[in-house]
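Hi,

As promised, here is the structure we talked about. Have a look through it first, and then read on for my notes.

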Amino acid sequence: MKHDVIIIGGGVSGTALLYTLSKYTNLKNIGLIEKYSDYGLVNSSPRMNSQTLHFGDIETNYTIEKAKKVKRYADMVKNYLEHEKEVNGDEGLFLKVPKMVLAVGKDQVKTLRDRYPSFGQLFPGLKMIGREEIGKIEPRILEGRDPGQELLALVTEDGYTVDFRKLSHSFAENARILNPGISIYLSTRVEKITRTGNNFLIKTDKGDYEAEAVIVTAGSHSLKFAKSLGYGKSYSILSMAGSFYTGPKVLNGKVYTMQIPKLPFAAVHGDPEVNNEFITRFGPTAKPIFFLERYNYSTFWEYWKTFGFGIRPLLSILKISSDKVIFNYLLKNVVYDLPWIGKRAFLKEIKKIVPKIKLEEIKFAKRVGGTRPQIINNETKKLELGEAKILGEKTIFNITPSPGASTCLGNAFEDTVKVMEFLSNRFTFDTIRYERDLVEPDLVPADNNVINPLIDFQH
Ligand SMILES: Cc1cc2nc3c(=O)[nH]c(=O)nc-3n(C[C@H](O)[C@H](O)[C@H](O)COP(=O)(O)OP(=O)(O)OC[C@H]3O[C@@H](n4cnc5c(N)ncnc54)[C@H](O)[C@@H]3O)c2cc1C
């Protein structure tokens, strides 16, 4: 079977691209291949991630530039969600709750206060509040807390808790309605991609497919496919599993803590569960594992193949973990997953948000929490922050740690522009309609230019 374009991976990234191509281009012959029997069962599942639509307002390790890009992309998802709700009613795609980042102690309070002028301008809904107002929104933050402790928070009403698996379904279903000709191959595992002249041959366990362009949105597996075609050789993956602890409803909304600037992982936060707001989830932890997919032990070998066997990735790991802040952080996080001691150690982190929470109130959430494919750049021997996009000849590979679910439509926008180029502009992308439907007017760039991908190279 031959397609103009094939998307590999049916998580929120792949289905967002399927939707964008189906709704905003006149391309018809599209295929999507997913190895599991349904969409969004890996990192996009609500069991696997923190369900937050990240805008960059309360993530204190984002620079203002990073926040601008993430906001633009998260706004697209917000606009899609709100439109779906308006048209179809509440389908359980999202919950809207208050969201805040909490600074505790003199140093954190100063850092947060200093961020407010620029971030408050970018996010007009963001308010800076003190102890009394914090207590009105989240009484359990104050209960049992030392009255002398300095507190400050940035708070917004735009706390979107999203079921990204349901969102994947919504994208795929809408794509099917708009373009009944698309081919979806579920329960079909891609084994190999090879070049055959101007096309790609995609070998799967159900037979072969051909495509002129291939977009890989297979999470950490994307780097494995990139390397097999000769791209992304200087990258490795640090697979950072995140676990959660759950407790009763002790918070009304999302409460984030201040992030450690050096770390590309979200600091511990408390969030209402999207499908049951009477449960509060705390986490995620961040523990390195040697699998591309959490709970899928057959991905052990694939992990090492993707990591690379040379000396350079090892030197990168040594350099990264020789940083005292990173080393201590990783060590602490390994402990959090251990039985008995883990719960007691993690309770201290939760108490930074809810001081009076009791040990008996929380429990380790079994088989909850996926793994984030953090990119190691073996040239700089550093961890990269956020998602990576590797651009090849008529092919793109998307590697999506957090906030990859929040930026799914923005990434789809970038990829759609490229797909048009790959197919020699035989088809058209209605960017004006896309921007009118999904982009907040104040941030539409005057020239409709694509914002640069984080990693964009060819070799
Ligand atoms: C602990 C944790 C917390 C997170 N919190 C947030 C958050 O709050 N907000 C946020 O925006 N992001 C968050 N993320 C990140 C977010 O979950 C991911 O960025 C997002 O789900 C990635 O979507 P995806 O479609 O790219 O990947 P996935 O959802 O992993 O989908 C990839 C798909 O590719 C398929 N696939 C893989 N290999 C093959 C193959 N050989 N053949 C066919 N199909 C294949 C897989 O089966 C899978 O369905 C978090 C991640 C973790 C682990």
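One definition before anything else: contact here means heavy atoms within 4.5 Å. This is a predicted model, in which local features need pLDDT of at least 70 and side-chain atom pairs count only at pLDDT 80 or more, while totals for chains, interfaces and linings use all residues. Residues are numbered from 1 along each chain as its sequence is written, and side-chain values use heavy atoms, with hydrogens and water left out.

In contact with D337 are S243, T285, K287, R294 and F364, leaving aside residues up to four places away in sequence. D337 sits in the loop between α10 (324-336) and α11 (341-351); helices (H or I, at least four residues) and strands (E, at least two) are DSSP runs, numbered from the N terminus. D337 counts as buried because its relative accessibility is 16%, where buried means under 20% relative accessible area, exposed over 50%, and partly exposed in between (1.4 Å probe, protein chains only).

Now to the ligand. Around it are 38 residues, and the closest are S13, E34, S44, T400 and S406; a residue is near a molecule if one of its heavy atoms lies within 4 Å of it. The shell around the ligand is made up of twelve nonpolar, 22 polar and four charged residues. In that scheme Ala, Val, Leu, Ile, Met, Phe, Trp, Tyr, Cys and Pro are nonpolar, Asp, Glu, Lys and Arg are charged, and the others, Gly among them, are polar. At least two shell residues come from each of α1 (12-24), α7 (221-228) and β17 (371-377).

Which atoms approach the ligand? A ligand oxygen lies 2.7 Å from an N or O atom in the side chain of T400. A ligand nitrogen is 2.8 Å from a polar backbone atom of T52, and a nitrogen atom of the ligand is 3.1 Å from a polar backbone atom of K35. On its own the ligand has 1000 Å² of accessible area, and the protein covers 99% of that (Shrake-Rupley method, 1.4 Å probe).

Finally, the charged pairs. How many salt bridges does the structure hold? There are 29, a salt bridge being a side-chain nitrogen of Lys or Arg within 4 Å of a carboxyl oxygen of Asp or Glu. Three of them are worth a look in your viewer:

- R426 and D4 meet through their side chains at 3.7 Å, N to O. This pair links distant parts of the chain, 422 residues apart: R426 is in the loop between α12 (408-422) and α13 (431-438), and D4 is in strand β1 (residues 2-8). R426 is partly exposed at 43% relative accessible area, whereas D4 is buried at 16%.
- E379 pairs with R312, with the closest N and O atoms 3.9 Å apart. E379 is in the loop between β17 and β18 (382-383) and R312 in helix α9 (residues 311-321), 67 residues apart. E379 counts as exposed at 54%, and R312 as partly exposed at 37%.
- K389 pairs with D415, with the closest N and O atoms 2.6 Å apart. K389 is buried at 5% relative accessibility, and D415 is buried at 2%.

Best wishes

Conventions
A polar contact is a pair of N or O atoms within 3.5 Å; within protein, one must be able to donate a hydrogen and the other to accept it, and residues adjacent in sequence count only if both atoms are side-chain atoms.
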